[in-house]
Amino acid sequence: DPQQLELATSGKRKLRRFIVIDEVVDKLYGSKVREYFEQNNVQHKILALPTTEETKSMDLVLNILQEVQKFSIDRRTEPIIAIGGGVCLDIVGLAASLYRRRTPYIRVPTTLLSYVDASVGAKNGVNFLQCKNKLGGYTPPVASFLDRSFIRSIPRRHISNGLGEILKMALMKHKGLFDLLKSHGKYLLDTKFQSYRGSADRGDAALQTTRIAIETMLEELAPNLWEDDLDRLVDFGHLISPELEMRVLPTLMHGEAVNIDMAFMTYVAYVRGLITAEEKEQIIQCMRGLELPVWHGGCSWPLIKKALMERLKHSGGQPRMPLPTGLGVAEIFNDTSEETLERAYKLWVRD
């Protein structure tokens with residue numbers, strides 16, 4: 001809005017920003033963030049919070065909203081800024097959507113997982129009654145600012161965790177992305193997704209990988225932003241993992257739980273004859289190369305059955321099971337028998 005822009009830059013009113021930052025990110029980058037706002041003469045309030053799956057609750061949302069109310073923002077011209085991983089972006093998104101019915105917010109992802117996943121789309125939410133993201137809504141941010149230099153400071157396991165969601169998009173929609181991960185997985189882990197002058201010989205694998213992952217995610221999400229259509233390829237790896245992740249907290253990270261789900265579903269696809277034994281092995285070996293778990297003791301047969309029953313409740317009475325039908329291609333199936341699932345489970349556990 002040109003009028004708002006003129007007001008903001010004319011100096012008649014001091015710019016103000018409310019920022020929620022993950023407390024770990026605050027220790028690493030908080031001084032730079034404060035310096036930035038001070039240099040630009042922006043009145044600001046920075047709220048550093050522990051944003052983890054265990055703290056992802058309505059209590060934290062209400063805590064944020066109390067501080068927003070104290071600071072007092074103009075809901076049209078002063079977006080709330082979230083700086084952190086996926087949990088932080090989810091919590092702040094929900095808080096912004098509730099404050100004055102809808103306050104704009106900006107996402108600044110600082111982990112690989114949030115860079116390629118939470119930064120894209122409209123969803124936000126918190127855990128409730130031991131269920132993952134049971135409360136939430138669909139309020140897209142006004143912007144997502146993507147800066148891979150944040151990824152330099154995250155541990156190797158967190159990078160592997162983010163690679164789980166990238167692999168999901170590769171298996172569902174993009175054989176080229178799968179080939180990139182297979183060829184450059186270790187390099188991406190070693191270099192923490194940074195681009196270097198000497199990386200030209202690898203075609204800047206970090207830039208290519210993140211760009212393709214985000215583009216394929218947008219391609220899949222944009223036509224169905226509010227999930228009116230429940231047949232979603234992006235649900236691959238998300239049928240059993242919510243139950244598993246909440247059951248074993250904090251043992252597994254989100255991308256790791258998703259990968260365990262994907263590994264099992266790869267066996268389901270194999271038992272159904274959708275992929276060959278060689279394709280199954282390629283997928284499992286790629287997962288291992290990305291240092292992702294392909295099995296977990298907590299993923300028992302009763303847990304799988306319970307998770308799939310939950311899935312039926314929330315997906316219109318159909319399992320809507322995305323399965324690979326090759327490398328980089330997939331379809332959604334509603335006719336997988338319990339016998340097929342059990343055969344796949346036994347084979348998976350044996351391997």
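Okay, let's start with what's inside: of the 351 residues in this chain, 54% count as buried. Keep in mind that we're looking at a predicted model.

Now the overall build. You'll find 13 helices and nine strands in the chain. If you draw a box around the C-alpha atoms along the principal axes, you get roughly 70 × 50 × 35 Å.

How much of the contact count comes from residues 24 or more positions apart? Taking the contacts with a separation of 6 or more, those pairs account for 74%.

Next, have a look at the sheet. Strands of a sheet pair through backbone hydrogen bonds, and that can be parallel or antiparallel. Here we have an open sheet of five strands, in the order E2-E1-E3-E4-E7, and the pairing is parallel. Which strands stand at the edges? They're E2, residues 43-49, and E7, residues 143-144; each has a single partner strand, so one side of each is left without a neighbour in the sheet.

Let's zoom in on E7. Its pairing with strand E4, residues 105-109, is parallel and runs over two bridges. Arg107 is the residue standing opposite Ser144 in E7.

The chain has 46 positive and 44 negative ones, and their mean positions are 4 Å apart.

Terms used
Residues are numbered from 1 along each chain as its sequence is written. This is a predicted model: local features need pLDDT of at least 70, side-chain atom pairs count only at pLDDT 80 or more; totals for chains, interfaces and linings use all residues. Side-chain values use heavy atoms; hydrogens and water are left out. Helices (H or I, at least four residues) and strands (E, at least two) are DSSP runs, numbered from the N terminus. Buried means under 20% relative accessible area, exposed over 50%, partly exposed in between (1.4 Å probe, protein chains only). Contact means heavy atoms within 4.5 Å. Lys and Arg count as positive and Asp and Glu as negative; His and the chain ends are not counted. The place of a charge is taken as NZ of Lys, CZ of Arg, CG of Asp or CD of Glu. Two strands pair if DSSP finds at least two bridges between them.
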